[in-house]
Amino acid sequence: MKFLLFFISMFCAVSVAAQKHIPIPHGMVYGQKPDTLTVMGANKVEAFMGKKTRIITAIEGKVIRVTKAKGGWFEMDAGNSKIIAAHFKDYNITLPKELTGRTVIIDGVAQKLFIADDLQHLAGDTVTGKKQHQVKTDPKRKVTFEVRGLLVDK
């Protein structure tokens with residue numbers, strides 16, 4: 001009986017010790033080290049892009065959540081309830097879930113998403129009236145970011 005009680009207590013102690021998470025240190029780099037000289041806020045990217053569909057830039061913002069660890073898929077807060085969906089160019093990058101809530105600097109290519117109305121217009125399908133397509137778009141997702149490098153800032 002004592003052996004069973006000892007075994008259970010040791011098992012619980014080992015499982016609790018094994019679940020300690022190592023915090024991500026300031027300055028940790030994933031991928032290539034980003035250029036920190038020309039960093040802009042994530043809330044200014046869309047305005048900075050203007051009419052351009054793609055730009056190469058470095059931005060700073062807070063990670064909302066890591067959606068898929070393998071491949072480095074995450075969402076970044078762009079202010080005004082907008083979200084930047086970001087992923088690494090290199091699929092071999094694995095991001096830890098502990099990155100959620102941290103401020104990071106990312107370097108890469110930002111691009112605007114075309115919504116269905118734009119694609120129909122580009123295709124010449126500009127029907128008006130009752131035959132006009134009813135498109136439901138998500139106004140929170142307009143910019144995506146292909147990350148080359150990420151630096152944990154705060």
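This report walks through the core, the strand pairing, the charged pairs and a few individual residues of a predicted model.

## Ground rules

Because this is a predicted model, local features need pLDDT of at least 70 and side-chain atom pairs count only at pLDDT 80 or more, while totals for chains, interfaces and linings use all residues. Residues are numbered from 1 along each chain as its sequence is written, and side-chain values use heavy atoms, with hydrogens and water left out.

## The nonpolar core

Let's start inside. The largest nonpolar core has 27 residues. Such a core is a set of buried Ala, Val, Leu, Ile, Met, Phe, Trp, Tyr and Cys residues joined through side-chain atoms within 4.5 Å. Buried here means under 20% relative accessible area, exposed means over 50%, and partly exposed is in between (1.4 Å probe, protein chains only). The residues with the most contacts inside this core are Ile-59, Phe-74, Leu-99, Ile-106 and Leu-150. At least two core residues come from each of α2 (45–49), β3 (54–68), β4 (73–77), β5 (83–88), β6 (103–112) and β7 (141–152). Of the contributors, β7 gives the most, with 5 residues. Helices (H or I, at least four residues) and strands (E, at least two) are DSSP runs, numbered from the N terminus.

Phe-74 is a handy one to click on. Leaving aside neighbours within four places in sequence, Phe-74 is in contact (heavy atoms within 4.5 Å) with a list of residues including Val-63, Val-66, Ile-84, Phe-88, Leu-95, Ile-106, Val-147 and Leu-150. Arg-65 is also among the contacts of Phe-74, and that arginine comes up again below.

## How the strands pair

With β6, β3 runs antiparallel, joined by 9 bridges; Gly-61 has Val-104 as its bridge partner in β6. With β4, β3 pairs in the antiparallel sense over 4 bridges, and Val-63 is partnered by Met-76 in β4. Strand β2 (residues 39–41) runs parallel to β3 and is joined to it by 3 bridges, with Glu-60 in β3 as the bridge partner of Gly-41.

The hairpin of β3 and β4 has 4 residues between the strands, and Gly-71 takes a positive phi near 95° there.

## Three salt bridges

Side chains of opposite charge can pair when their charged atoms come close. The structure holds 3 salt bridges, each being a side-chain nitrogen of Lys or Arg within 4 Å of a carboxyl oxygen of Asp or Glu. One is between Glu-46 and Lys-82 (3.3 Å, N to O). This pair links distant parts of the chain, with Glu-46 in helix α2 and Lys-82 in the loop between β4 and β5, 36 residues apart. Glu-46 is partly exposed at 26% relative accessibility, and Lys-82 is partly exposed at 31%.

Another joins Arg-65 and Glu-75 (3.2 Å, N to O). Arg-65 lies in strand β3 and Glu-75 in strand β4, so the pair ties together parts that are 10 residues apart in sequence. Arg-65 is partly exposed at 43%, whereas Glu-75 is buried at 6%. Then there is Arg-148 with Asp-107 (3.9 Å, N to O), which links strand β7 to strand β6 across 41 residues. Here Arg-148 is partly exposed at 31% and Asp-107 is buried at 14%.

## A buried arginine without a partner

Now for Arg-102, in the loop between β5 and β6. Arg-102 is buried yet has no salt bridge; the nearest side chain of opposite charge is Asp-153, 8.5 Å away.

Ile-105 sits in strand β6 and is buried at 7% relative accessibility. Beyond residues up to four places away, Ile-105 touches Pro-34, Thr-36, Val-39 and Ile-59, among others.

Thr-36 is in the loop between β1 (29–31) and β2, and is partly exposed at 41%. Leaving aside neighbours within four places in sequence, Thr-36 is in contact with Ile-105 and Leu-151.

Terms used
Lys and Arg count as positive and Asp and Glu as negative; His and the chain ends are not counted. Two strands pair if DSSP finds at least two bridges between them.
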